[in-house]
Amino acid sequence: MTATDIPYYSLAFALISLVFSGTLVWIRIVEYRRDKKGIAVSYAITGDPHGHDSIYLTNLSAIPILVDYWELVWRKKRFIFFNDNQAINLHGEEDLHTVLQPRTRKALNFKDEHSFNWHPKNQGKVKLFIKLHIAGKTKPKYLYVYSPFA
């Protein structure tokens, strides 16, 4: 081994290290994208005024999500942005500080004193959103639930 052979060995070692670290970075990006899916919302409406309506929150990620507070909001779109927010206060004390476990579903049930009109008459083109205040986030997250006039 001469002094001129050392740079070739170091170059080969650097290229092998580059390929190995690039593969590990690619695996980490795939894992991050797989696990960072967030929250999905679905609903079930019976149509009966004395029936049992539900909104389902599904945690699609691999980590638990702590919801400090939630509320339902009718939002009307003006020009480009949603401007008019009309809150519907229908939650009990047991709905505060809800933990959504990884890859599970939680039902928010609306019956009796917590039922509401799913078809507002005087709002025009409004959409129902659920406003989630998630622990660790500065802004609430608005998730689309339902559009009565679609």
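Predicted model: local features only at pLDDT ≥ 70, side-chain atom pairs only at ≥ 80, totals over all residues.
Strand β7, which spans residues 126-134, pairs with strand β8, residues 141-146, in the antiparallel sense over 5 bridges. The two strands form a hairpin with 6 residues between them, and Gly136, located in the turn, has a positive phi of about 95 degrees. Within this pairing, Leu128 stands opposite Tyr146 of β8.

A search of the whole structure for aromatic pairs returns 2. For Tyr43 and Tyr146, the ring centres are 5.1 Å apart and the planes lie at 75 degrees; since angles over 60 count as edge-to-face, the pair is therefore edge-to-face. Because Tyr43 belongs to strand β1 (residues 39-44) and Tyr146 to strand β8, this pair ties together parts that are 103 residues apart in sequence. Tyr146 is buried, with a relative accessible area of 9%, whereas Tyr43 is partly exposed, at 38%.

The rings of Phe129 and Tyr144 have their centres 5.8 Å apart and their planes at 70 degrees, so that this pair is also edge-to-face. Here Phe129 is contributed by strand β7 and Tyr144 by strand β8, so the parts tied together are 15 residues apart in sequence. Phe129 is buried, with a relative accessible area of 8%, while Tyr144 is partly exposed, with a value of 43%.

Aromatic rings are also involved in contacts with charged side chains. The charged end of Arg75 sits over the ring of Tyr142, 3.9 Å from its centre, and the charged end of Arg105 sits over the ring of Tyr56, with a distance of 5.6 Å to the ring centre.

Technical notes: Residues numbered from 1 in each chain as written. Heavy atoms only, no water. Pairing = 2+ DSSP bridges. Helix = DSSP H or I, 4+ residues; strand = E, 2+ residues; numbered from the N terminus. Phe/Tyr/Trp six-rings, centres within 6.5 Å; stacked < 30°, edge-to-face > 60°. Buried < 20%, exposed > 50% of the residue type's maximum accessible area, 1.4 Å probe, protein only. Lys NZ or Arg CZ within 6 Å of the ring centre and 35° of its normal.
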